Amino acid sequence: MTSPPEESGAGWRATARAWADREVRPRAVAIDRDDRIPPELIRSLAASQFTAMGLPREHGGVSVSSADLCAVLEELAAASAAVAVTLAVHLSVCAAPVARWGTSDQQARWLPSLARGERIGAFGLTEPGAGSDTAALRTRYDRSTEGFVLQGSKTFISNAATAGLLVIFATRDPALGSKGISAFLVPGGTPGFSVSQRFDKLGLRGSETVELRLDGVRLPTNALLGAEGAGLQVALGALEGGRVGIASCALGVARAAFETMREAVRADPIDWKRTLLARAWVELAAARTLVDDAARQRDAGVPFAIPASAAKLVASRAAVSIASAGVDVAGPEGTLAGQPAGRLLRDARVFPIVEGTTEIQELILARRLLEADGPRTA
Ligand SMILES: Cc1cc2nc3c(=O)[nH]c(=O)nc-3n(C[C@H](O)[C@H](O)[C@H](O)COP(=O)(O)OP(=O)(O)OC[C@H]3O[C@@H](n4cnc5c(N)ncnc54)[C@H](O)[C@@H]3O)c2cc1C
């Protein structure tokens, strides 16, 4: 077990790097090959308090800045993107929304076990036919005498097969559009909840991604997270924070790809490889600046939607571009199973899709840029 920074005196980044070097890096190839994170690794993640980061202290959390959280996710992703994304989803789009929108009873009930990592969190928004267009979701809820009944399906949901708690979005009536959507806290294993498919993915293997069925899932009244009809605000608010985390994960993959490439270029420093290395460095530096910006604005308590989308867009693009150049530099060996260059490219390729695609980040940015009080350029 790694001592938490508060006890060891080390910073969060150094602690995460040491933990990742010891616990994750030696297992990264197996996690990718077997498409599975060993449960003992999740227990070790929790024992090092990473699962409690940013959650309220009174419910077992440890206070960290957004900059520290980004540094931890980057360090973990540089060793295994799957481990970092599992943690990012748990914290940013499950535990953080409970902390932000939950009643004091909901916080007291759910946050301690999430902080201890006894429950891993998931976020269920996407449905077949409702990804980028979140308001088009079809999973329904009806009121019952005890609370609510959910009926429908969700797809491409991370962490969901083993999750102890899921934030699930459903509509009272699809005709109501965004105003009909509410968020619900659904404990894993609730009767009527089942996993219908586990996806065998290109990248982020080990981060489980599944399709869910919700067949008459009965929930009590206190399962409603936030106000009834305010589900889309909960989802979009969670995703705004989530994007900074996913950008940090992409940055970690971009950095790992850069370092892998640098080793290969050192061994064979011919001009075309040196040029690719220089380009990769510039892309990495630009991504880091935007991730740092997003974290700084979040820590300052000012709106951070613009840097969050910009960071997510640029860091995921940098990860793909650097990892792709890394395969060129590695040559045929880079395409072999078990070699880092190919794994990094496969992992990188998923980042432009998750938590809002690149095109959706561009639309978010364009909307904000066109507002009367849009950001200044100088
Ligand atoms: C590994 C993985 C993990 C995931 N984990 C989760 C999770 O935990 N929870 C969850 O809820 N979801 C999750 N998702 C789903 C993910 O958020 C969606 O895949 C994503 O939002 C895109 O939705 P879609 O797949 O339906 O694509 P679509 O929305 O159908 O988009 C298809 C393409 O069209 C483009 N497009 C769509 N609308 C527009 C537009 N208006 N203008 C321009 N271009 C547009 C998109 O950018 C994309 O390139 C995950 C996905 C993956 C791959």
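**The core and what surrounds it**

Guide: The largest nonpolar core holds 127 residues, and those with the most contacts inside it are Leu76, Phe184, Val253, Ala254, Ala257, Ala315 and Ala319. A nonpolar core here is a set of buried Ala, Val, Leu, Ile, Met, Phe, Trp, Tyr and Cys residues joined through C-beta atoms within 7 Å. A residue is buried if 20 or more other C-beta atoms lie within 10 Å of its own, exposed if 12 or fewer, and partly exposed in between, with C-beta atoms placed from the backbone. The largest share of this core, 19 residues, is supplied by helix α8 (residues 231–267).

Visitor: Before we go on, what kind of model is this, and how are residues numbered?

Guide: This is a predicted model, in which local features need pLDDT of at least 70 and side-chain atom pairs count only at pLDDT 80 or more, while totals for chains, interfaces and linings use all residues. Residues are numbered from 1 along each chain as its sequence is written.

Visitor: Which residues does Leu76 touch, leaving aside its neighbours within four places in sequence?

Guide: Leu76 is in contact with Ala16, Ala20, Val24, Val83, Ala84, Leu87 and Gly252. Two residues are in contact if their C-beta atoms, placed from the backbone, lie within 7 Å.

Visitor: And the chain as a whole, how many helices and strands?

Guide: There are twelve helices and eight strands in the chain; helices (H or I, at least four residues) and strands (E, at least two) are DSSP runs, numbered from the N terminus. The radius of gyration is 20 Å, close to the 21 Å that the globule rule gives for 378 residues, so the chain is as compact as a globular protein of that length. That radius is taken over C-alpha atoms, and the globule rule is 2.2 Å times the number of residues to the power 0.38. Along its principal axes the C-alpha trace spans about 70 × 50 × 40 Å, and 53% of the 378 residues count as buried.

Visitor: How is the chain divided into domains?

Guide: It is divided into domain 1 (5–115), domain 2 (121–229) and domain 3 (232–369), with bounds that come from an automatic or database domain assignment. The C-alpha centres of domain 1 and domain 2 are 23 Å apart, and the contact between them takes 24 residues from domain 1 and 17 residues from domain 2.

Visitor: What does domain 1 put into that contact?

Guide: On the side of domain 1 that touches domain 2, α3 (28–34), α6 (81–101) and α7 (104–115) each supply at least two residues, and α6 gives the most, with twelve residues. By class, that side divides into 14 nonpolar, six polar and four charged residues. Ala, Val, Leu, Ile, Met, Phe, Trp, Tyr, Cys and Pro count as nonpolar, Asp, Glu, Lys and Arg as charged, and the others, Gly among them, as polar.

Visitor: Switching to the ligand, which residues come nearest?

Guide: Of the 22 residues around the ligand, Thr126, Gly131, Ser132, Thr357 and Glu359 come nearest, where a residue is near a molecule if its C-beta atom, placed from the backbone, lies within 6 Å of it. The shell has eleven nonpolar, eight polar and three charged residues.

Visitor: Where in the fold does that shell come from?

Guide: At least two residues of the shell come from each of β1 (121–124), β3 (147–158) and α12 (358–369). In terms of domains, the shell draws at least three residues from each of domain 2 and domain 3.
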